[in-house]
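Please load the model in the viewer and keep the selection panel at hand.

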Amino acid sequence: MAIWVEVDLCDGCRRCTRACPYDAMEIREGKAYIGERCTSCGACMEVCRSKAIVTDAQPRIIPDFSNYTGAWVFAEQRRGQLQRVSVELLGKAQELAKVLNHKVSAVLIGHEVSDLAKTLIQFGADTVYLVEHETLKEYRTEAYAHVFKELVTEHKPNILLMGATHIGRDLAPRVSRCVGSGLTADCTELSIHPEEGILLQTRPAFGGNVMATIANRFSRPQMATVRPGVMEVIPTPEKEGSVITHVTQLTEEQIGTRILEIVKEPKTHGNLTEAKIIVAGGRGVNDAAGFELLGSLAAALGAELAGTRVAFEEGWIPASRQVGQTGVTVRPDLYIACGISGAIQHRAGMMDSKFIVAINKDPYAPIFKVADWGIVGDLFDVVPELTKQLQAACQIMCD
Ligand SMILES: Cc1cc2nc3c(=O)[nH]c(=O)nc-3n(C[C@H](O)[C@H](O)[C@H](O)COP(=O)(O)OP(=O)(O)OC[C@H]3O[C@@H](n4cnc5c(N)ncnc54)[C@H](O)[C@@H]3O)c2cc1C
(Lines give C-alpha, C1' and ligand atoms only; values in the text may rest on other atoms or scores of the structure.)
Protein backbone atom coordinates (compact mmCIF):
# COMPACT_ATOMS: atom_id res chain seq x y z
CA MET A 1 0.00 0.00 0.00
CA ALA A 2 1.36 3.42 -0.92
CA ILE A 3 0.50 6.93 0.21
CA TRP A 4 1.67 10.09 -1.58
CA VAL A 5 1.11 13.83 -2.02
CA GLU A 6 -0.39 15.28 -5.21
CA VAL A 7 1.78 18.40 -5.06
CA ASP A 8 -0.35 20.42 -7.48
CA LEU A 9 -3.30 20.13 -5.09
CA CYS A 10 -1.36 20.80 -1.87
CA ASP A 11 -1.67 24.34 -0.48
CA GLY A 12 0.90 23.79 2.32
CA CYS A 13 -1.67 24.45 5.06
CA ARG A 14 0.27 22.26 7.59
CA ARG A 15 -2.83 20.50 8.91
CA CYS A 16 -1.23 17.19 7.97
CA THR A 17 2.01 17.92 9.87
CA ARG A 18 0.00 18.61 13.00
CA ALA A 19 -2.20 15.54 12.57
CA CYS A 20 0.60 13.03 11.94
CA PRO A 21 1.15 10.99 15.13
CA TYR A 22 4.56 9.79 13.89
CA ASP A 23 6.11 13.17 12.97
CA ALA A 24 6.48 11.85 9.45
CA MET A 25 5.04 14.91 7.66
CA GLU A 26 6.88 18.12 6.94
CA ILE A 27 6.53 21.09 4.60
CA ARG A 28 9.22 21.42 1.99
CA GLU A 29 9.13 24.39 -0.36
CA GLY A 30 5.53 25.08 0.60
CA LYS A 31 4.30 21.55 -0.07
CA ALA A 32 3.59 18.56 2.18
CA TYR A 33 6.30 15.93 2.19
CA ILE A 34 5.95 12.38 3.57
CA GLY A 35 9.07 11.17 5.39
CA GLU A 36 10.40 7.72 6.25
CA ARG A 37 8.58 7.50 9.56
CA CYS A 38 5.22 7.21 7.76
CA THR A 39 3.21 4.13 8.71
CA SER A 40 0.40 4.86 6.23
CA CYS A 41 -2.04 5.29 9.13
CA GLY A 42 -4.06 7.81 7.09
CA ALA A 43 -4.35 10.50 9.78
CA CYS A 44 -3.00 13.11 7.31
CA MET A 45 -5.53 12.14 4.66
CA GLU A 46 -8.42 12.65 7.04
CA VAL A 47 -7.45 16.28 7.74
CA CYS A 48 -6.35 17.28 4.24
CA ARG A 49 -8.98 19.73 2.96
CA SER A 50 -7.59 19.92 -0.57
CA LYS A 51 -7.55 16.09 -0.95
CA ALA A 52 -3.87 16.31 -1.88
CA ILE A 53 -2.84 13.20 0.08
CA VAL A 54 -3.94 10.02 -1.62
CA THR A 55 -3.48 6.29 -1.31
CA ASP A 56 -3.99 3.23 -3.45
CA ALA A 57 -5.35 1.25 -0.49
CA GLN A 58 -8.88 -0.02 -0.86
CA PRO A 59 -11.22 1.08 1.96
CA ARG A 60 -11.83 -1.83 4.30
CA ILE A 61 -15.41 -3.00 4.05
CA ILE A 62 -17.17 -3.95 7.27
CA PRO A 63 -18.77 -7.37 6.70
CA ASP A 64 -22.45 -7.93 7.41
CA PHE A 65 -22.63 -9.44 10.89
CA SER A 66 -26.40 -9.25 11.30
CA ASN A 67 -26.60 -13.05 11.72
CA TYR A 68 -24.23 -12.90 14.74
CA THR A 69 -26.38 -12.51 17.80
CA GLY A 70 -26.23 -13.01 21.55
CA ALA A 71 -23.86 -12.28 24.41
CA TRP A 72 -22.05 -15.42 25.50
CA VAL A 73 -20.17 -16.13 28.69
CA PHE A 74 -17.74 -18.99 29.26
CA ALA A 75 -19.05 -20.69 32.41
CA GLU A 76 -15.75 -21.68 33.92
CA GLN A 77 -15.92 -24.57 36.37
CA ARG A 78 -13.18 -26.46 38.09
CA ARG A 79 -14.00 -29.92 39.36
CA GLY A 80 -17.69 -29.03 39.21
CA GLN A 81 -17.26 -25.74 41.10
CA LEU A 82 -18.52 -22.76 39.12
CA GLN A 83 -16.06 -19.87 39.27
CA ARG A 84 -17.59 -16.66 40.58
CA VAL A 85 -16.23 -14.63 37.68
CA SER A 86 -18.62 -16.49 35.37
CA VAL A 87 -21.68 -15.18 37.20
CA GLU A 88 -20.12 -11.72 37.34
CA LEU A 89 -19.76 -11.84 33.56
CA LEU A 90 -23.36 -12.99 33.20
CA GLY A 91 -24.31 -9.77 35.03
CA LYS A 92 -22.44 -7.68 32.46
CA ALA A 93 -23.72 -9.81 29.58
CA GLN A 94 -27.29 -9.06 30.69
CA GLU A 95 -26.61 -5.32 30.45
CA LEU A 96 -24.98 -5.58 27.03
CA ALA A 97 -27.61 -7.93 25.63
CA LYS A 98 -30.41 -5.65 26.82
CA VAL A 99 -29.02 -2.71 24.81
CA LEU A 100 -28.78 -4.90 21.70
CA ASN A 101 -32.02 -6.77 22.31
CA HIS A 102 -30.05 -10.02 22.23
CA LYS A 103 -30.14 -13.11 24.45
CA VAL A 104 -27.57 -14.12 27.07
CA SER A 105 -25.99 -17.56 26.86
CA ALA A 106 -23.53 -19.47 28.99
CA VAL A 107 -21.19 -22.13 27.62
CA LEU A 108 -20.75 -24.94 30.13
CA ILE A 109 -18.06 -27.48 29.26
CA GLY A 110 -16.92 -30.46 31.34
CA HIS A 111 -17.94 -33.89 32.51
CA GLU A 112 -21.03 -34.42 34.71
CA VAL A 113 -21.49 -30.68 35.21
CA SER A 114 -25.11 -30.34 34.05
CA ASP A 115 -26.25 -29.40 37.60
CA LEU A 116 -24.56 -26.03 37.16
CA ALA A 117 -26.88 -25.05 34.31
CA LYS A 118 -29.64 -24.09 36.78
CA THR A 119 -27.28 -21.71 38.61
CA LEU A 120 -26.26 -20.10 35.34
CA ILE A 121 -29.91 -19.44 34.49
CA GLN A 122 -30.46 -17.98 37.97
CA PHE A 123 -27.69 -15.51 37.23
CA GLY A 124 -28.89 -14.34 33.85
CA ALA A 125 -28.42 -17.00 31.16
CA ASP A 126 -31.37 -17.42 28.78
CA THR A 127 -29.66 -20.44 27.26
CA VAL A 128 -26.96 -22.76 28.49
CA TYR A 129 -24.95 -24.59 25.86
CA LEU A 130 -23.94 -27.76 27.67
CA VAL A 131 -21.06 -29.83 26.33
CA GLU A 132 -20.24 -32.91 28.38
CA HIS A 133 -17.65 -35.50 27.50
CA GLU A 134 -15.11 -37.58 29.39
CA THR A 135 -12.26 -35.92 27.50
CA LEU A 136 -13.46 -32.56 28.87
CA LYS A 137 -13.31 -33.58 32.53
CA GLU A 138 -10.14 -31.58 33.16
CA TYR A 139 -9.38 -28.35 31.34
CA ARG A 140 -7.11 -28.72 28.35
CA THR A 141 -6.53 -25.83 25.95
CA GLU A 142 -6.94 -27.69 22.68
CA ALA A 143 -10.01 -29.61 23.79
CA TYR A 144 -11.94 -26.60 25.09
CA ALA A 145 -10.87 -24.45 22.11
CA HIS A 146 -12.07 -27.17 19.76
CA VAL A 147 -15.49 -27.20 21.44
CA PHE A 148 -15.72 -23.42 21.29
CA LYS A 149 -14.88 -23.46 17.61
CA GLU A 150 -17.73 -25.92 16.98
CA LEU A 151 -20.20 -23.82 18.98
CA VAL A 152 -19.17 -20.46 17.54
CA THR A 153 -19.28 -21.78 13.98
CA GLU A 154 -22.75 -23.23 14.51
CA HIS A 155 -24.44 -20.52 16.60
CA LYS A 156 -22.54 -17.33 15.69
CA PRO A 157 -22.46 -15.29 18.91
CA ASN A 158 -21.97 -11.54 18.68
CA ILE A 159 -20.06 -11.20 21.97
CA LEU A 160 -18.00 -13.76 23.90
CA LEU A 161 -16.72 -13.00 27.41
CA MET A 162 -14.33 -15.04 29.53
CA GLY A 163 -12.86 -14.52 33.00
CA ALA A 164 -9.23 -13.41 33.06
CA THR A 165 -8.39 -16.39 35.24
CA HIS A 166 -5.51 -18.78 34.55
CA ILE A 167 -7.85 -20.85 32.40
CA GLY A 168 -9.57 -17.90 30.70
CA ARG A 169 -6.26 -16.24 29.88
CA ASP A 170 -5.08 -19.47 28.30
CA LEU A 171 -8.27 -20.33 26.46
CA ALA A 172 -9.43 -16.95 25.11
CA PRO A 173 -6.45 -16.28 22.79
CA ARG A 174 -6.65 -19.83 21.41
CA VAL A 175 -10.38 -19.51 20.73
CA SER A 176 -9.97 -16.09 19.13
CA ARG A 177 -7.29 -17.54 16.84
CA CYS A 178 -9.44 -20.58 15.99
CA VAL A 179 -12.48 -18.48 15.06
CA GLY A 180 -10.46 -15.70 13.39
CA SER A 181 -11.54 -12.96 15.75
CA GLY A 182 -9.80 -10.32 17.88
CA LEU A 183 -9.50 -10.30 21.66
CA THR A 184 -9.14 -7.59 24.28
CA ALA A 185 -7.60 -8.89 27.50
CA ASP A 186 -8.21 -7.68 31.05
CA CYS A 187 -11.04 -5.25 30.34
CA THR A 188 -12.22 -3.09 33.21
CA GLU A 189 -15.34 -1.79 31.46
CA LEU A 190 -17.56 -3.04 28.65
CA SER A 191 -20.36 -1.11 26.96
CA ILE A 192 -22.18 -0.85 23.66
CA HIS A 193 -21.48 1.99 21.22
CA PRO A 194 -24.79 3.92 21.10
CA GLU A 195 -24.82 4.36 17.30
CA GLU A 196 -22.79 1.46 15.92
CA GLY A 197 -23.99 -1.19 18.37
CA ILE A 198 -20.48 -2.63 18.71
CA LEU A 199 -18.76 -3.66 21.91
CA LEU A 200 -16.52 -1.01 23.45
CA GLN A 201 -13.82 -2.72 25.47
CA THR A 202 -11.93 -0.52 27.92
CA ARG A 203 -8.68 -1.55 29.57
CA PRO A 204 -5.57 0.11 31.02
CA ALA A 205 -2.78 0.69 28.49
CA PHE A 206 0.77 2.07 28.51
CA GLY A 207 1.58 0.76 31.98
CA GLY A 208 -1.82 1.80 33.29
CA ASN A 209 -1.29 5.49 32.58
CA VAL A 210 -4.18 5.71 30.10
CA MET A 211 -7.43 3.84 29.63
CA ALA A 212 -7.80 2.62 26.04
CA THR A 213 -11.16 1.75 24.49
CA ILE A 214 -10.91 -0.91 21.82
CA ALA A 215 -13.59 -1.87 19.30
CA ASN A 216 -13.59 -4.70 16.82
CA ARG A 217 -15.43 -3.76 13.61
CA PHE A 218 -14.14 -6.47 11.31
CA SER A 219 -14.67 -9.86 12.94
CA ARG A 220 -17.06 -11.75 15.22
CA PRO A 221 -17.49 -12.71 17.97
CA GLN A 222 -16.25 -9.64 19.81
CA MET A 223 -14.11 -11.24 22.49
CA ALA A 224 -12.94 -9.88 25.82
CA THR A 225 -11.57 -11.20 29.09
CA VAL A 226 -12.38 -9.55 32.42
CA ARG A 227 -10.70 -10.17 35.74
CA PRO A 228 -12.59 -11.61 38.69
CA GLY A 229 -14.14 -9.01 40.97
CA VAL A 230 -14.56 -6.31 38.31
CA MET A 231 -18.20 -6.80 37.23
CA GLU A 232 -21.29 -6.93 39.42
CA VAL A 233 -23.38 -10.06 39.88
CA ILE A 234 -27.03 -9.58 38.85
CA PRO A 235 -29.12 -12.49 40.18
CA THR A 236 -32.24 -13.51 38.24
CA PRO A 237 -33.84 -16.08 40.59
CA GLU A 238 -37.16 -16.23 38.75
CA LYS A 239 -35.69 -16.65 35.29
CA GLU A 240 -36.55 -19.61 33.12
CA GLY A 241 -33.94 -20.64 30.63
CA SER A 242 -33.22 -23.55 28.38
CA VAL A 243 -30.35 -26.00 28.12
CA ILE A 244 -29.09 -26.96 24.68
CA THR A 245 -26.89 -30.03 24.67
CA HIS A 246 -24.14 -29.94 22.11
CA VAL A 247 -22.55 -33.23 21.10
CA THR A 248 -18.92 -32.58 20.33
CA GLN A 249 -17.07 -34.39 17.56
CA LEU A 250 -13.88 -34.20 19.62
CA THR A 251 -11.87 -37.37 20.15
CA GLU A 252 -9.00 -38.03 22.57
CA GLU A 253 -6.67 -38.57 19.60
CA GLN A 254 -7.20 -34.95 18.50
CA ILE A 255 -5.73 -33.61 21.73
CA GLY A 256 -1.96 -33.41 21.94
CA THR A 257 -1.73 -33.27 25.73
CA ARG A 258 -2.38 -35.86 28.44
CA ILE A 259 -2.90 -35.03 32.09
CA LEU A 260 -0.89 -37.46 34.19
CA GLU A 261 -1.47 -35.95 37.61
CA ILE A 262 -2.98 -32.81 39.08
CA VAL A 263 -0.99 -31.41 42.00
CA LYS A 264 -2.80 -28.72 43.98
CA GLU A 265 -0.82 -26.05 45.84
CA PRO A 266 -1.65 -26.15 49.54
CA LYS A 267 -4.12 -23.36 50.28
CA THR A 268 -2.82 -21.11 53.03
CA HIS A 269 -5.17 -18.18 52.57
CA GLY A 270 -8.80 -17.41 51.87
CA ASN A 271 -10.05 -16.10 48.55
CA LEU A 272 -8.93 -12.50 48.11
CA THR A 273 -11.53 -11.61 45.50
CA GLU A 274 -14.35 -12.61 47.81
CA ALA A 275 -12.90 -11.09 51.01
CA LYS A 276 -15.07 -8.57 52.87
CA ILE A 277 -12.11 -6.93 54.60
CA ILE A 278 -8.54 -6.63 53.29
CA VAL A 279 -5.47 -5.29 55.05
CA ALA A 280 -2.84 -4.45 52.44
CA GLY A 281 0.76 -3.35 52.78
CA GLY A 282 3.32 -1.71 50.53
CA ARG A 283 6.95 -0.68 50.58
CA GLY A 284 6.33 1.35 53.75
CA VAL A 285 5.88 -1.92 55.67
CA ASN A 286 9.64 -2.40 55.21
CA ASP A 287 10.02 -6.18 55.57
CA ALA A 288 8.38 -9.52 56.36
CA ALA A 289 8.38 -8.68 60.07
CA GLY A 290 6.39 -5.53 59.24
CA PHE A 291 3.85 -7.75 57.49
CA GLU A 292 3.45 -9.71 60.72
CA LEU A 293 2.12 -6.49 62.27
CA LEU A 294 -0.41 -6.25 59.45
CA GLY A 295 -1.21 -9.94 60.01
CA SER A 296 -2.22 -9.16 63.61
CA LEU A 297 -4.49 -6.34 62.43
CA ALA A 298 -5.97 -8.68 59.80
CA ALA A 299 -6.58 -11.36 62.44
CA ALA A 300 -8.34 -8.85 64.72
CA LEU A 301 -10.64 -7.88 61.85
CA GLY A 302 -11.11 -11.32 60.29
CA ALA A 303 -9.49 -9.86 57.18
CA GLU A 304 -7.34 -11.19 54.34
CA LEU A 305 -3.79 -9.96 53.88
CA ALA A 306 -2.64 -8.47 50.56
CA GLY A 307 -0.13 -6.01 49.16
CA THR A 308 1.35 -4.02 46.32
CA ARG A 309 3.65 -5.26 43.60
CA VAL A 310 6.59 -4.04 45.67
CA ALA A 311 5.45 -6.25 48.56
CA PHE A 312 5.30 -9.22 46.19
CA GLU A 313 8.65 -8.47 44.55
CA GLU A 314 10.28 -8.18 47.97
CA GLY A 315 8.91 -11.63 48.83
CA TRP A 316 6.67 -10.42 51.67
CA ILE A 317 3.49 -11.76 50.07
CA PRO A 318 2.86 -14.46 47.40
CA ALA A 319 2.00 -13.41 43.84
CA SER A 320 -1.63 -14.41 44.38
CA ARG A 321 -1.91 -11.65 47.05
CA GLN A 322 -0.78 -8.79 44.80
CA VAL A 323 -3.56 -6.28 44.22
CA GLY A 324 -3.57 -4.13 41.10
CA GLN A 325 -3.37 -3.99 37.37
CA THR A 326 -1.10 -7.01 37.06
CA GLY A 327 -2.43 -8.64 40.20
CA VAL A 328 -5.89 -9.30 41.56
CA THR A 329 -8.87 -6.93 41.41
CA VAL A 330 -10.71 -6.74 44.72
CA ARG A 331 -13.85 -5.00 45.90
CA PRO A 332 -14.17 -5.65 49.65
CA ASP A 333 -16.36 -3.66 52.02
CA LEU A 334 -13.21 -2.36 53.73
CA TYR A 335 -9.69 -1.96 52.32
CA ILE A 336 -6.98 -0.77 54.71
CA ALA A 337 -3.90 0.41 52.79
CA CYS A 338 -0.78 0.60 54.96
CA GLY A 339 2.41 2.21 53.63
CA ILE A 340 1.03 2.21 50.09
CA SER A 341 1.57 5.29 47.92
CA GLY A 342 -1.47 4.63 45.70
CA ALA A 343 0.12 4.32 42.27
CA ILE A 344 -2.45 4.11 39.48
CA GLN A 345 -1.55 0.47 38.83
CA HIS A 346 -2.37 -0.40 42.44
CA ARG A 347 -5.53 1.72 42.53
CA ALA A 348 -6.79 -0.07 39.42
CA GLY A 349 -7.19 -3.20 41.56
CA MET A 350 -8.79 -1.75 44.69
CA MET A 351 -10.60 1.51 43.98
CA ASP A 352 -14.01 -0.18 43.79
CA SER A 353 -13.71 -1.14 47.47
CA LYS A 354 -16.72 0.20 49.37
CA PHE A 355 -14.66 1.91 52.06
CA ILE A 356 -10.95 2.70 51.90
CA VAL A 357 -8.75 3.60 54.87
CA ALA A 358 -5.19 4.73 54.13
CA ILE A 359 -2.32 4.92 56.61
CA ASN A 360 0.67 6.80 55.25
CA LYS A 361 3.22 9.17 56.71
CA ASP A 362 3.21 11.32 53.56
CA PRO A 363 0.12 13.60 53.63
CA TYR A 364 0.44 14.08 49.84
CA ALA A 365 0.46 10.36 48.98
CA PRO A 366 -1.99 9.74 46.07
CA ILE A 367 -3.73 6.98 48.05
CA PHE A 368 -5.44 9.73 50.06
CA LYS A 369 -7.24 10.84 46.90
CA VAL A 370 -9.23 7.59 46.83
CA ALA A 371 -9.41 7.03 50.61
CA ASP A 372 -12.60 7.64 52.58
CA TRP A 373 -10.52 7.92 55.73
CA GLY A 374 -6.87 8.93 55.87
CA ILE A 375 -4.52 8.52 58.80
CA VAL A 376 -1.33 10.53 58.33
CA GLY A 377 1.22 8.82 60.52
CA ASP A 378 3.83 6.14 60.91
CA LEU A 379 2.21 2.76 60.35
CA PHE A 380 4.48 1.24 62.98
CA ASP A 381 2.67 3.42 65.54
CA VAL A 382 -0.80 3.41 63.99
CA VAL A 383 -1.23 -0.30 63.13
CA PRO A 384 -0.34 -1.75 66.58
CA GLU A 385 -2.56 0.87 68.25
CA LEU A 386 -5.43 0.06 65.91
CA THR A 387 -4.98 -3.65 66.55
CA LYS A 388 -4.91 -3.09 70.31
CA GLN A 389 -8.09 -1.00 70.22
CA LEU A 390 -9.87 -3.57 68.03
CA GLN A 391 -8.85 -6.45 70.27
CA ALA A 392 -10.03 -4.50 73.33
CA ALA A 393 -13.36 -3.68 71.64
CA CYS A 394 -13.79 -7.33 70.73
CA GLN A 395 -13.01 -8.35 74.33
CA ILE A 396 -15.73 -5.99 75.61
CA MET A 397 -18.26 -7.41 73.14
CA CYS A 398 -17.33 -10.99 74.10
CA ASP A 399 -17.66 -10.20 77.83
C1 LIG B 1 2.89 -2.20 33.95
C2 LIG B 1 2.89 -2.04 35.43
C3 LIG B 1 2.02 -2.83 36.17
C4 LIG B 1 1.99 -2.68 37.56
N5 LIG B 1 1.13 -3.44 38.28
C6 LIG B 1 1.03 -3.23 39.61
C7 LIG B 1 0.07 -3.95 40.39
O8 LIG B 1 -0.67 -4.81 39.90
N9 LIG B 1 -0.01 -3.68 41.71
C10 LIG B 1 0.79 -2.74 42.32
O11 LIG B 1 0.64 -2.53 43.54
N12 LIG B 1 1.71 -2.08 41.61
C13 LIG B 1 1.87 -2.30 40.29
N14 LIG B 1 2.81 -1.64 39.59
C15 LIG B 1 3.80 -0.84 40.35
C16 LIG B 1 3.28 0.54 40.71
O17 LIG B 1 3.56 1.44 39.67
C18 LIG B 1 3.98 1.08 41.98
O19 LIG B 1 5.37 1.07 41.77
C20 LIG B 1 3.67 0.28 43.23
O21 LIG B 1 2.28 0.10 43.38
C22 LIG B 1 4.20 1.03 44.44
O23 LIG B 1 4.06 0.22 45.56
P24 LIG B 1 4.06 0.82 47.02
O25 LIG B 1 2.91 1.74 47.20
O26 LIG B 1 4.19 -0.36 47.92
O27 LIG B 1 5.47 1.58 47.11
P28 LIG B 1 5.82 3.14 47.05
O29 LIG B 1 5.22 3.78 45.87
O30 LIG B 1 7.28 3.24 47.23
O31 LIG B 1 5.09 3.73 48.33
C32 LIG B 1 5.44 3.48 49.64
C33 LIG B 1 4.59 4.40 50.52
O34 LIG B 1 4.80 4.05 51.88
C35 LIG B 1 4.80 5.25 52.63
N36 LIG B 1 5.55 4.95 53.88
C37 LIG B 1 6.86 4.65 54.00
N38 LIG B 1 7.16 4.37 55.28
C39 LIG B 1 5.99 4.49 55.97
C40 LIG B 1 5.65 4.33 57.34
N41 LIG B 1 6.55 3.94 58.26
N42 LIG B 1 4.38 4.55 57.71
C43 LIG B 1 3.43 4.94 56.80
N44 LIG B 1 3.70 5.11 55.50
C45 LIG B 1 4.97 4.88 55.08
C46 LIG B 1 5.46 6.27 51.75
O47 LIG B 1 5.08 7.57 52.13
C48 LIG B 1 4.93 5.88 50.37
O49 LIG B 1 3.75 6.60 50.06
C50 LIG B 1 2.86 -1.77 38.22
C51 LIG B 1 3.71 -0.97 37.45
C52 LIG B 1 3.73 -1.11 36.07
C53 LIG B 1 4.65 -0.25 35.27
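Select strand S11 and strand S15 (residues 222-226) to begin: the two pair in the parallel sense over three bridges. Strands (E, at least two residues) and helices (H or I, at least four residues) are DSSP runs numbered from the N terminus, and two strands pair if DSSP finds at least two bridges between them. Highlight Cys187 next; its bridge partner in S15 is Val226.

This is a predicted model, in which local features need pLDDT of at least 70 and side-chain atom pairs count only at pLDDT 80 or more, while totals for chains, interfaces and linings use all residues. Residues are numbered from 1 along each chain as its sequence is written, and side-chain values use heavy atoms, with hydrogens and water left out.

**Two backbone details**

Go to the loop between strand S14 (210-215) and S15, where Pro221 is found. A cis peptide bond joins Arg220 to Pro221, with omega about 0°. Then move to Ser40, in the loop between strand S3 (31-34) and helix H2 (43-47). The phi of Ser40 is near 60°, a positive value in a residue other than glycine.

**The five-stranded sheet**

Which order do the strands of the open sheet of five follow? The order is S18-S17-S19-S20-S21, with parallel pairing. Strand S18 (304-307) and strand S21 (373-376) stand at the edges with a single partner strand each, so one side of each is left without a neighbour in the sheet. Here the twist averages 20° from one strand to the next.

Helix H7 (residues 288-301) packs on this sheet and touches strand S17 (277-281), S18 and S19 (contact means heavy atoms within 4.5 Å). The direction of H7 makes about 170° with that of S17. Within the sheet, five bridges join strand S19 (residues 334-338) to S20, and the two run parallel. Tyr335 has Ile356 as its bridge partner in S20.

**The domains**

Finally, colour the chain by domain: domain 1 (3-55), domain 2 (71-254) and domain 3 (272-398). These bounds come from an automatic or database domain assignment. The C-alpha centres of domain 1 and domain 2 lie 43 Å apart.

Technical notes:
Axes fitted to C-alpha atoms, helices over the stretch in contact; angles between N-to-C directions.
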